[in-house]
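The following report concerns a structural model, described section by section. Please keep the sequence and the coordinates at hand while reading.

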Amino acid sequence: MIRRLLCALLLPALLCSSAMAAEKLVVATNPEWPPMEFLDDNRNIVGYDVDMFKAVAAEAGMEAEFKMTAWDGIFAGIAAGNYDVIASAVTITPERQRAYAFTVPYYDVQQIVVLRKGNSASGFADLKGKVIGGQIGTTGVFVAQKSGVDMTIREYENVGLAMQDLLNERIDAVVCDSPVALYYANQKEGFSDQLTVAFRTEATESFGFVVRKDRKDLVERLNKGIEAVRAKGIEAKLIQKWLGE
Amino acid sequence: MRENEENGLPAGMAPEGKIEVPAGGLVLPDSEKGSLVNAWSLSLVGAVVVLTVLCTVWPDPYLEILRFLPGGLVVTFEVTVLSIICAIPLGLLTGLGRLSHNRIINLVASTYVEVIRGIPLLVQIFYIYYALAKFLQVSGLTSAVIAISFCYGAYMGEVFRAGIMAVPKGQIEASRSLGFNKVQTMLLVVLPQALRTIVPPVGNECIAMLKDTSLVSVMAMPDLMQFGRSFAAKSYLYFETYTVIALIYLIITLLLSKAVSILESRLNYYDKRK
């Protein structure tokens, strides 16, 4: 009670003194998932998710401070309250929804399997007996596991290392989200000339921003922000900028 | 003379070659074995009990996690055993090289120890698997064994060197004066005696090695740690998964450390009787 009173007294004072500073959200992202989020040459976290979330937060009257986080454990961090939001190309799945709250979907992807040039496959069945790599804890790995095809699945720290091992011919394929696969197969220097897209899964997945379960208020504000970003045409510009669609 | 010897024995000490059994057939705990409640048994019983209770009371996540892990355990043991097989000879050679009077051999061995000791094992693993892939490509298992045995070979080299140096110089002089050459002296006189000092620390290094194999999960090697991370990443049950992983590593390590201490007491059998 006393704390609440103190807050009520102090809050206006604080707000006045800092000239109505916007609420700051700490946002976790795993910048190893280009072009959704990655580090540029000056080690700034950039990418579609970063710009998108900044726009959404701005529309919702908040500021975003990005925090570099390893993917393995990014969910444990939000449960522990180390940050307010995860904006890191997180697919909305029923398992994740049970543990965390999601905003409305903001982008749809599929899974793509990438091979070395000169190889082909039209589905997981063609990869029987082969070694497929992916980033640990990503939906690409889950899709490969659920396919039921008898192949060795190797789970890497990040997708870049998996792609590197594909080039080194230690594995036969890599599975990841479509924007990432296309980035490596078509754009990334040193990779695009040696890699080719084999096939995409039929099922689509949707990305959402992740918030702790008890922060329903924040989910609502972010949802309104996403709506506003869409209505103002910012989303289309960002897709054009980062994903070239 | 004989009478004197018998009478001169302190109370409670049995004549040589006999084990004294106290009256009443009650065997008191040997001071060497320690009492029943010590840190080791407490940890082991604690770990096993916690694991069993977790698996019986909440079989839903815990038993499922436990069922998921054996594949990883096999890889962990595979990497550990192969690395031990490679690291011990490497350590012996390094130890001998460090003691060599040949300046070139000495320099090579010393440089190896200095360089490897100065690079973290995780960096070495990354280096051999990802960086050297440009020139030669080795499988995950081979990279893991190379990285770990090179690293521990350097650590063990120092252990071997210290063990050999601990053998009194008189032993070497005696052996040489009896007509053994340098190689025979080392193999037949010095090393067997050094073994007693070397085995316990080498055993400890092997246990540390088993724990350090958890680092190979960065190469997407499916070891115990990687299985655990994979399970946690899929189920989001971080607390449950890592609790089980920690308990399993603890149980294995405790069993191995007991094996090392038994080996140690066997080797010191004659020392203790003095």
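What percentage of the residues of chain A count as buried?

## Basis of the report

This is a predicted model, in which local features need pLDDT of at least 70 and side-chain atom pairs count only at pLDDT 80 or more, while totals for chains, interfaces and linings use all residues. Residues are numbered from 1 along each chain as its sequence is written, and chains are lettered from A and ligands numbered from 1 in the order in which they are written.

## Chain A overall

Of the 245 residues of chain A, 44% count as buried. A residue is buried if 20 or more other C-beta atoms lie within 10 Å of its own, exposed if 12 or fewer, and partly exposed in between, with C-beta atoms placed from the backbone.

Chain A contains nine helices and 15 strands; helices (H or I, at least four residues) and strands (E, at least two) are DSSP runs, numbered from the N terminus. The C-alpha trace of chain A spans about 70 × 35 × 30 Å along its principal axes. Among contacts in this chain between residues at least 6 apart in sequence, 71% join residues at least 24 apart; two residues are in contact if their C-beta atoms, placed from the backbone, lie within 7 Å.

## The open sheet of chain A

Five strands of chain A form an open sheet with mixed pairing, in the order β5-β1-β6-β15-β7. Two strands pair if DSSP finds at least two bridges between them. The edges are β5 (62-68) and β7 (101-102) of chain A, each of which pairs on one side only.

Within this chain, β6 (residues 85-86) and β15 (residues 210-211) run antiparallel and are joined by two bridges. V85(A) has V211(A) as its bridge partner in β15(A). Helix α2 (residues 48-59) of chain A lies across β1 (23-29) and β5, running at about 155° to β5(A); axes are lines fitted to C-alpha atoms, for helices over the stretch in contact, and angles run from 0 to 180 degrees between N-to-C directions.

## Backbone features

P34(A) and P35(A) are joined by a cis peptide bond, with omega of about 0°. P35(A) is found in the loop between β2 (32-33) and β3 (37-39) of chain A.

Although not a glycine, E169(A) has a positive phi of about 65°. E169(A) counts as exposed, with 10 C-beta neighbours inside 10 Å. A220(B), also not a glycine, has a positive phi of about 60°, and this residue is buried, with 25 other C-beta atoms within 10 Å. A220(B) is placed in the loop between α9 (182-212) and α10 (224-235) of chain B.

## Helix packing in chain B

Helices α4 (residues 70-99) and α7 (residues 140-165) of chain B pack at an angle of about 40°, with their axes 5 Å apart. That angle makes α4(B) oblique to α7(B); angles under 35 degrees count as roughly parallel, over 145 as roughly antiparallel, 65 to 115 as roughly perpendicular and the rest as oblique.

Helix α2 (residues 39-57) of chain B packs against α3 (residues 59-68) of chain B at about 120°, with axes 6 Å apart. In this contact, L54(B), C55(B) and T56(B) in α2(B) meet P59(B), Y62(B), L63(B) and L66(B) in α3(B).

## Contact between the chains

Chain A contributes 18 residues to the contact and chain B 12 residues. The largest share of the side of chain A that touches chain B, three residues, comes from β11(A).
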